[in-house]
Amino acid sequence: MLQCIFFLSDSGEVMLEKQMTGHRVDRSICAWFWDYVLSQGGDPSKILPVIASPTHYLFQLFRDGIIFLACTQVEMPPLMGIEFLCRVADVLTDYLGGLNEDLIKDNFIIVYELLDEMMDNGFPLTTEPNILREMITLPNIVSKMLSVVTGKNSNVSTRLPDATASCIPWRKTNMKLASNEVYVNLVEEMDAVFSRDGALVKCEIYGEVQVDSHLPGLPDLTLSFSNPSILNDMRFHPCVRFRPWESDQILSFVPPDGEFKLMTYRVKKLKSTPIYVKPQLTSDTGNCHINVLVGVRNDPGKTIDSITVQFQLPFCVASANLTSNHGTVNILADKTCSWSIGQIPKDKSPSLSGNLVLETGLDRLHVFPVFQVGFKIMGVALSGLQIHKLDIKNAPSQPYKGFRALTQAGEYEVRS
Amino acid sequence: MAPPPAPPQKSPSPSQPSGKSEVSDLKLQLRQLAGSRAPGADDSKRDLFKRVISYMTVGIDVSAAFSEMVMCSATSDIVLKKMCYLYVGNYARCHPDLALLTINFLQKDCHDEDPMIRGLALRSLCSLRVPNLVEYLVAPLGAGLKDGSSYVRMVAAVGVLKLYHISAATCLDSDFPAVLKSLMLTDPDAQVVANCLFVLQEIWNLEANKSEEASRERETLLSKKIVYYILNRIKEFNEWAQCLVLELVAKYIPSDTDDIFDIMNLLEDRLQHANGAVVLATIKVFLHLTMSMTDVHQQVYERIKAPLLTLVGSGSSEQSYAVLSHLHLLVMRAPMLFSSDYKHFYCQFSDPSYVKKLKLEMLTAIANESNTYEIVTELCEYAGNVDVPIARESIRAVGKIALQQYDVNAIVDRLLQFLEMEKDYVTAETLVLVKDLLRKYPQWSHDCIAVVGNISSKNVQEPKAKAALIWMLGEYSQDMPDAPYILESLIENWDEENAAEVRLHLLTAAMKCFFKRPPETQKALGAALAAGLADSHQDVHDRALFYYRLLQYDVSVAERVVNPPKQAVSVFADTQSSEIKDRIFDEFNSLSVVYQKPSYMFTDKEHREPFEFSEEIGNLSLGQEPVGNSPRYDESDKDLLLSTSEREENGGPSTNGPAASGYSAPTDYNSSLVSLSSQTQSETAISDPGMPKYTSQMTLAIDDLLGLSVSAAPAPPSLKLNPKAALDPGTFQRKWGQLAVSISQDCSVSPQGIAALTTPQALIRHMQANSIQCIASGGQSPNFKFFFFAQKLDGPPLFFLVECIVNTSSAKAQVKIKADDATASEAFFGLFQSALSKFGVL
């Protein structure tokens with residue numbers, strides 16, 4: 001079980017410590033950890049998530065410039081430690097409206113309160129944001145206004161959450177809400193890998209069904225798809241009933257209030273991608289000519305937006321001179337080159353070309369960059385998944401229902 | 001040292017929290033507010049509390065304000081209360097007398113009408129952890145367990161565990177475990193049930209060693225009744241509690257197969273839970289339940305495959321690493337089940353390198369006839385990767401696949417293409433692989449040698465690669481026209497060659513080449529032997545002398561020793577024994593899997609507090625050997641061969657004794673990977689003493705070499721130890737308690753050493769010869785434990801204390817060093833390690 005959690009800044013400074021058990025963990029462990037980070041190159045995002053120090057086993061998670069470090073001295077499921085830290089990061093992001101050093105330092109009282117409710121004696125209690133929100137109110141402007149107006153200066157609700165005593169742990173038993181609406185979003189990420197000769201090595205979609213529900217009472221929802229057979233490897237929010245899905249592929253659930261991830265899925269072995277990126281590199285006596293072409297391969301029917309192409313120049317490149325006929329090209333200090341294209345114009349296909357000067361002594365390029373592509377398409381789920389209908393039972397009046405879809409690039413790589 | 005604390009960013013006071021003045025200022029302000037009932041007093045208190053807590057957070061000691069904080073704690077504001085609880089919880093331990101002050105208001109809060117405050121107060125009360133305040137805990141805890149609010153009961157349940165850790169006797173005397181047990185079976189709230197289960201498990205586990213009853217209670221937790229009761233409620237539990245329940249079920253021993261299927265049916269939907277920890281815990285249950293049913297076990301693998309692969313793909317890289325480690329374990333156990341999923345293990349550019357490394361290992365494992373082509377194609381793409389370590393790793397993976405497969409035709413071509421890439425690290429890795437390939441598939445020598453022959457030895461810098469190239473030059477010198485001349489030029493640059501490994505290989509290669517092409521190599525061999533005899537490295541010197549004497553004795557015997565016909569290596573030995581793999585598998589869903597070591601190899605008493613050391617040392621036999629100085633082996637060139645043969649006898653049942661070192665030359669750089677036994681047999685089977693054709697030339701060559709005798713002395717270590725160091729056990733114990741561990745590391749023990757370690761005394765005597773004394777030892781095969789000490793020879797009497805745990809089954813020693821002078825401990829560790837590695841060899 002976890003004995004202590006530290007928050008460290010990305011420069012190794014201890015921002016916060018929360019001891020969980022009677023076995024105090026000394027802060028010196030953070031110094032050990034930071035020395036370890038430095039010995040591994042100093043980049044916290046490249047450190048193993050589970051490491052053994054001479055005295056403790058450490059779990060670490062790096063999110064938005066903050067290192068979450070948990071210590072234990074006993075054997076425990078590693079994923080439990082890592083998942084818990086992920087939840088801590090998620091809940092804090094949710095509460096503080098972001099995650100950075102200043103936000104944590106300004107709100108450390110709330111952070112302490114949250115950690116207190118999320119874990120007792122090293123054992124995780126509740127990490128469900130809906131329940132936590134009822135125990136510790138958000139530090140947002142509304143509550144600040146309220147406290148000024150009413151003179152009640154407390155960010156702790158005085159009543160205990162009903163859900164702690166409910167058999168649906170994710171929802172209050174009796175909710176009265178002014179709004180009566182539910183939104184379903186399909187958010188898909190396309191992962192694709194193209195090999196050196198342009199062949200599609202792998203193409204999958206990782207999708208999430210996100211629901212934003214503001215419904216009064218205890219509504220019972222059923223969501224069905226026109227083509228559920230394309231889905232693979234589903235994972236469900238605890239509210240989803242397993243049997244209806246097993247027999248009829250219907251999602252039947254009582255939703256928690258607010259935003260949540262209803263289901264995640266994967267659609268495998270897709271055959272086509274919306275855009276193509278064709279890099280060409282030709283070396284010649286210490287110079288390397290580079291040319292990248294981008295264009296639409298399969299028109300998804302909606303505009304393809306925010307197209308970017310990013311790649312790391314090999315370390316043996318001494319200087320680079322890159323120009324494009326559309327969009328802007330930036331070369332950062334760490335030799336990352338990013339080309340933001342935006343939308344593809346109708347009259348021409350964007351291309352990037354230029355010359356890389358290699359370090360003296362090198363005749364040709366041996367290391368080839370990988371091009372990472374980003375894009376966003378609103379209004380379409382590229383996997384082809386379609387929502388058939390959403391039924392709501394137990395609702396006092398017919399609520400407003402909204403549907404949206406979005407596809408963006410995940411790990412979209414083109415090798416050269 | 002911790003990094004210097006930064007000042008809080010938005011401190012209401014402009015002054016910096018520089019030290020005492022700031023704290024005393026706070027104290028003063030708090031005191032003024034303590035009795036104040038003025039409107040707005042709460043607001044100013046809140047600001048002050050916030051400052052106090054922020055100082056505490058950045059690591060400034062504000063415990064001086066304890067009494068003032070307690071005075072201000074009478075408030076109805078819950079945030080103030082929480083801050084106060086936090087402060088008190090942090091400092092109560094170092095101010096037990098002041099902590100008494102807080103008991104009063106905490107106890108009062110335990111009767112508050114708001115269940116939230118009751119719960120918080122009870123939690124804080126139990127978190128004070130001051131032993132002499134235990135008596136005040138019992139009553140509020142008892143009331144808390146019967147509270148009407150589930151929140152309070154939940155806190156109280158964990159409170160019982162906190163009480164147990166402060167004072168186990170009080171906890172057991174108050175009969176809290178029994179109350180918890182009934183609460184666990186009756187409470188309507190799932191979180192209360194989960195907390196009771198958690199606490200009971202921990203208490204009974206710790207108590208089980210002490211009393212019969214406790215271990216019986218621990219058994220009942222695993223009884224069918226309780227397990228089923230909890231399983232039937234599993235959907236009410238939150239995700240973390242589900243993990244706990246699943247851990248419990250994994251230990252449950254089902255009565256029959258119906259039992260197994262009932263549980264699996266009940267838990268099947270847990271495999272699709274959004275929380276990875278739940279999924280993994282469920283998988284553990286499934287694997288454990290079906291362990292004895294081979295066919296169902298296979299089906300379980302099929303069933304859990306998809307959820308695991310999904311978990312890898314979703315979530316952060318940290319999560320996927322933990323999942324991949326488990327997947328890695330399963331893949332290694334049943335590679336063929338995953339052979340069609342190979343695309344899941346393709347590396348993404350953005351994967352961190354630790355994830356890439358695991359993926360590469362799995363790709364290697366699952367390669368079979370049907371997917372090898374795709375996998376090798378993919379791996380070859382990584383060879384041009386920007387990430388050099390991964391590029392190297394993927395070349396090695398290609399080589400490993402080649403060694404696994406029967407159809408290596410295409411792979412050899414690919415490897416040879418790597419050599420043409422003219423990238424130094426690619427060439428280096430490939431050379432090592434080609435060498436291994438040739439040892440397994442000598443029939444490929446023709447194609448490989450043609451390409452290898454074109455590589456200029458100047459382009460190969462890495463010792464391993466250079467050694468591999470030299471090995472090939474020696475082994476296939478008959479097929480490479482300019483082999484003797486390449487060797488000759490390498491030998492000319494002997495002094496510039498830093499790696500002993502390369503020099504050893506040069507010697508052997510020169511010998512081999514000499515037997516095949518004597519006239520051309522004679523000069524080079526002479527130069528090599530001369531340089532070898534003059535070498536300062538002991539092994540190189542030894543080998544040169546050995547070859548020299550061997551040639552002098554009989555050239556035909558020398559040829560039989562150095563250049564026997566070899567059988568192709570059929571299987572390269574695995575680095576990890578299957579026993580260890582099984583142990584790790586039993587510990588599925590634990591840290592063992594991530595570290596790829598069974599837990600006994602890393603959790604051994606690590607987390608014990610120092611005071612437990614005394615009882616530990618009491619169990620060991622004290623000072624078995626009088627402190628003395630046994631004679632050291634004084635080696636001179638004269639008796640070197642003699643002592644070698646003696647050593648072999650001492651070494652006991654080891655297969656590769658020093659006598660075999662002549663032909664075992666190629667194994668030196670890879671001895672852990674090579675199975676030697678087949679070669680040993682083939683060598684002893686040779687009985688034909690037919691004279692080689694070139695005997696006369698050889699004797700001539702040897703005559704040239706006569707008259708060379710150079711004695712070599714190894715470089716003296718910078719740290720010298722006092723051979724007559726003395727320390728009494730009491731002082732040792734005290735020092736051990738005081739000093740911090742400066743080095744904690746694993747090192748390996750040679751197979752000969754393991755063979756010689758039948759009793760602790762063997763190692764003790766050996767270490768004494770190296771001026772490292774033993775103060776206590778104990779244990780029996782396979783685990784031995786030693787406490788050693790040593791003293792620095794000159795200067796003030798500085799001691800090094802060592803705890804050394806040798807595990808003979810894994811051939812590993814865990815060494816922990818504490819030192820009076822921590823800066824010297826690195827050097828001492830070097831000495832210790834070299835002494836340990838010589839054990840059984842000398």
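The exercises below concern chains A and B of a predicted model.

Local features need pLDDT of at least 70 and side-chain atom pairs pLDDT 80 or more, while totals for chains, interfaces and linings use all residues. Residues are numbered from 1 along each chain as its sequence is written, chains are lettered from A in the order in which they are written, and side-chain values use heavy atoms, without hydrogens and water.

**Exercise 1.** State which strands of chain A pair with strand 16 of chain A, and in what sense.

Solution. Step one: strands are DSSP runs of E, at least two residues long, numbered from the N terminus, and two strands pair if DSSP finds at least two bridges between them. Step two: strand 16 (residues 304–312) of chain A has six bridges to strand 21 (residues 370–378) of chain A, in the antiparallel sense. A:Thr308 lies opposite A:Gly374 there. Step three: strand 19 (residues 336–342) of chain A also runs antiparallel to strand 16 of chain A, with six bridges; A:Phe311 has A:Cys337 as its bridge partner in strand 19 of chain A.

**Exercise 2.** Describe how helix 20 of chain B packs on helix 21 of chain B.

Solution. Step one: helices are DSSP runs of H or I, at least four residues long. Step two: the axes, lines fitted to C-alpha atoms over the stretch in contact, with angles from 0 to 180 degrees between N-to-C directions, come within 8 Å and cross at roughly 155° for helix 20 (residues 372–382) and helix 21 (residues 388–404) of chain B. Helix 20 of chain B is therefore roughly antiparallel to helix 21 of chain B, a label for angles over 145 degrees. Step three: residues of helix 20 of chain B that meet helix 21 of chain B include B:Ile375 and B:Leu379; on helix 21 of chain B, B:Ala397 and B:Val398 are among the partners.

Methods
Angles under 35 degrees count as roughly parallel, over 145 as roughly antiparallel, 65 to 115 as roughly perpendicular and the rest as oblique. Contact means heavy atoms within 4.5 Å.
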